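Reader: I have a new model to look at. Can you take me through the terms?

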Amino acid sequence: MPHFRSQETVDSALRMSDNGVSDRANAEIHGVAIKTIRRWRRLYQREGRQRQAGFPGTPCPRCDGADLDQLAYALLLGWYLGDGHIVAAKRGVYTLQVSNDQKYPNLNQEIAATMRSVKPTASPCLRGGSTAIRIEVRWKHWPCLFPQHGPGRKHLRKIELVDWQREIVAKYPEQLLRGLFHSDGCRFENWATRPIVGEGIRRYQYVRYMFSNESEDILGILTDALDLLDIPWRRPRRNAVAVSRKEGVAALDRFVGPKS
């Protein structure tokens, strides 16, 4: 029976099935019915029908010495530490998921593009929810690139950069900070009052960056990167870091800026 879809689509769906992608997710990605995915698997996998040569796995920068876009990786590391996590799929495949508010389409596209830069063969899947978008890419080697992966929530386990990650962050602290502030941070106008002689109490406004996270380790990674750039910061509360001084805000505005 001939396929009504291109052979390229069939081969792509079968590769994803081989890598442990569920039939439902596979059908959504390729725009076909779940029963179509199941029929293709029956024809090619169960009956042994000949197909095109297998798709070689994407080489890993850590295991295979493949090139790594370090600038993109520093940005993705910030997103991962803030709002990302890795989940195990089938057959040794892992899914990197980064969640972000759906009202920021430019940032959501930036996350997808960054994932493609880190894994050049990636086809990011953007899944919508009631308020958030989840950007996903599957790969066997995500735990190699994010050794912070582990069971449980990040703030309940040790989060520490390894030597090669520290070297990348030292080169691109701006990108790490962009990912962190855009994931678990915000830029907003704050206000304060000051007594003025002859005028009484005067109110004034100023821009402030705030980053909140329950992990003391991740807060430390953020402040270390701020120190690398000589950006002044303070801890207004236990789980937060603030950048309020004019020169610090101006520095962050050059590579973080408002969300969009």
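Author: Two strands pair if DSSP finds at least two bridges between them. Helices (H or I, at least four residues) and strands (E, at least two) are DSSP runs, numbered from the N terminus. This is a predicted model: local features need pLDDT of at least 70, side-chain atom pairs count only at pLDDT 80 or more, and totals for chains, interfaces and linings use all residues. Residues are numbered from 1 along each chain as its sequence is written, and side-chain values use heavy atoms, with hydrogens and water left out.

Reader: What makes strand 7 and strand 8 a pair?

Author: Strand 7 (residues 234-237) and strand 8 are joined by 2 bridges. The definition asks for at least two, so they pair. They run antiparallel. Arg 234 stands opposite Ala 242 in strand 8, and a hairpin of 2 residues links the strands.

Reader: Why is Cys 60 called buried?

Author: Buried means under 20% relative accessible area, exposed over 50%, partly exposed in between (1.4 Å probe, protein chains only). Cys 60 has 0%, so it counts as buried. Cys 186 has 34%, so it is partly exposed.

Reader: How many disulfides does the structure hold?

Author: It holds 0 disulfides. For Cys 60, the nearest cysteine sulfur is that of Cys 63, 3.8 Å away. A disulfide needs two cysteine sulfur atoms within 2.5 Å, so Cys 60 is in none.

Reader: Why do strand 1 and strand 3 count as edges?

Author: The open sheet has 4 strands in the order 1-2-4-3, with antiparallel pairing. Strand 1 (84-88) and strand 3 (125-128) each have a single partner strand, so one side of each lacks a neighbour in the sheet.
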